[in-house]
Amino acid sequence: MIDVDNLCLKQGAFHLNSVSLHIPKGRYAILMGKTGCGKTTILEAVAGLRSFASGRIMLNDRDVTHATPAERNVGYVPQDGALFTTMTVGDNLAFALTIRNQPAAVVKARVEQLASWLQLGHLLNRRAVGLSGGETQRIALGRALANHPPVLLMDEPLSSLDEETRERMIELLKVLPKQAEVTVLHITHSRSEADQLGDLIFRLQEGRIESVASRVL
Amino acid sequence: MREWKYYLCLSILGGSYVVLIVAMVVADFFFTTPGDLLAALNDPAIRYSINLTLISCTVTAILSLWVAVPMGYLLARTQFWGKTAVDTILDIPIVLPPLVLGLSLLILFDYTTIGEWFRANIMRISLRIPAVILAQFSVSAAFAVRTMRITFEQTSPRTEQVALTLGCTRAQAFWRIVLPEARKGVLTAGTLAWARALGEFGPIMIFAGATPNLTEVLSTTVWLRFSDPDLPGAVAVALFMIAIGVFVLVLTRALGLRGTGLV
């Protein structure tokens, strides 16, 4: 569950006015809005990467308003994937587990599981550079999900993909809430992406959530 | 045809500087003889000077990185009160005449209460080997900081943010993600600091002096030989310096820094 209550932020001319979102556990929410309207800012605030003037953020009934990003245990997939290019694909997938000193056997099993699900097995020993857009996003997704976060935040993960890869990724993302047992907040410009993936669709306009659409499941 | 003339024009204008550098090195090379070079190498004072130069430049490069990595990161990735002032202060060693820098170091360590306390309680700095390193460091570190700042500005902060969400503390994200991504910049900053220290002369002359077998480094050796007057000896030492400088540049490029925009 993701609960954002009255989030306010002002940065120069840009501002967010009392933004509130409620995304029930296991739902796939889409946040839409024009470029520069503050979608990424909200996502970064939920992830703990950006401070804000006032408001409260709850993740699975836990108040994380003042928690560090590490304490929040969220998965985060940025627009460009932001892979760790000094590491192999396997090390990228294992990162959230190795940083927590998980036993090698646990790490190996989880990496193999993710690689099998995301069809990354053939890339595990390759350095994470020069990969296609689809591969990059699948690795970023696997890396974000490795530690079983209850919340997944995705910032326009499909925007740079070609049509075919995008469709394949959409099929993958459709099963995400059930497969990975996560609550998803996904930012996009694309109406069709929103229609195909979103259980809940929020629209951000001029610093406020202007409308919410919900699909009956 | 027109395009050919255009590129020729650019090549002549830009190439004239390349020709000047090559001409200077070639002139030095033909001015000296193998005998001069051997004589210089067999001179104990020059051998001491070479050793002190290599050691002091290496220590200076390490110290420069020690301050340049954190400062470059702070300037590139954070906003803080007084940032513009700090940025300007860091440019002072770059814009000041080296002699002024040496003079300022001398005043600080020899003519102030802090300097007197330092001398009485810790060690004397001026006219000693630490003065050589401090004089080199005071200039070299500024260039290393600039290089590290550019490096951190050129690498995306996004990976660091992802690392934080994956469970890293700030320090872990820095050591595991930020620094490995900036490794080429670190290498370049270290190399630049080393090379800059090699060429430092003014601050060393004023703050450390040029006492043979004590504070004499290659740059001051050239000056001492030239004033002696021993022009062939000065040129022989200059050729050693050129050789060391070229070696460092070749090494830097061989380590794969080409194309990073840093060398």
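**Chat on the interface of chains A and B**

Reader: How many residues of chain B are in contact with chain A, and how many of chain A with chain B?
Author: 16 residues of chain B touch 22 residues of chain A. Keep in mind that this is a predicted model.

Reader: What area is buried between the two chains?
Author: About 1700 Å² is buried between chain B and chain A, and carbon and sulfur atoms give 66% of that.

Reader: Which three residues of chain B supply more of its buried area than any other three?
Author: Arg158(B), Thr165(B) and Leu166(B). Together they supply 40% of the area that chain B buries against chain A.

Reader: What is the count of salt bridges between chain B and chain A?
Author: The count is 1. Arg158(B) pairs with Glu44(A), and their closest N and O atoms are 2.8 Å apart.

Reader: Which helices of chain B each supply at least two residues to the side that touches chain A?
Author: Two are listed: α8, residues 158-165, and α9, residues 170-181. Of the elements on that side, α8(B) gives the most, with 7 residues.

Reader: And how do the residues on that side of chain B divide into nonpolar, polar and charged?
Author: There are 7 nonpolar, 5 polar and 4 charged residues on the side of chain B that touches chain A.

Reader: Changing topic. How many cavities of 30 Å³ or more does the structure hold?
Author: It holds 1. The space in the largest cavity is about 40 Å³.

Reader: Which residues line the largest cavity?
Author: Both chains take part. From chain A the lining has Asn73(A), Val74(A), Gly75(A), Ala96(A), Arg100(A), Ala144(A), Asn147(A) and Pro149(A).

Reader: What classes are the lining residues?
Author: The lining has 5 nonpolar, 4 polar and 1 charged residues.

Reader: Back to salt bridges. How many are there over all chains?
Author: A search of the whole structure finds 20. One of them joins the side chains of Glu164(A) and Arg168(A), at 3.3 Å from N to O.

Reader: Why are Glu164(A) and Arg168(A) separated by about one helical turn?
Author: Because they sit 4 residues apart in helix α6 of chain A, which covers residues 163-174. In general, side chains of opposite charge can pair when their charged atoms come close.

Notes. Residues are numbered from 1 along each chain as its sequence is written. Chains are lettered from A and ligands numbered from 1 in the order in which they are written. This is a predicted model: local features need pLDDT of at least 70, side-chain atom pairs count only at pLDDT 80 or more; totals for chains, interfaces and linings use all residues. Side-chain values use heavy atoms; hydrogens and water are left out. Contact means heavy atoms within 4.5 Å. Buried area is the accessible area (1.4 Å probe) that two parts lose on being put together, summed over both. A salt bridge is a side-chain nitrogen of Lys or Arg within 4 Å of a carboxyl oxygen of Asp or Glu. Ala, Val, Leu, Ile, Met, Phe, Trp, Tyr, Cys and Pro count as nonpolar, Asp, Glu, Lys and Arg as charged, and the others, Gly among them, as polar. On a 1 Å grid over the protein atoms alone, a cavity is a set of points where a 1.4 Å probe fits but cannot get out, and a pocket is an open set with protein on both sides within 12 Å along at least five of seven lines; lining residues have an atom within 4 Å of a point. Grid points are joined across faces, edges and corners, and a volume is the space filled by probe spheres set on the points.
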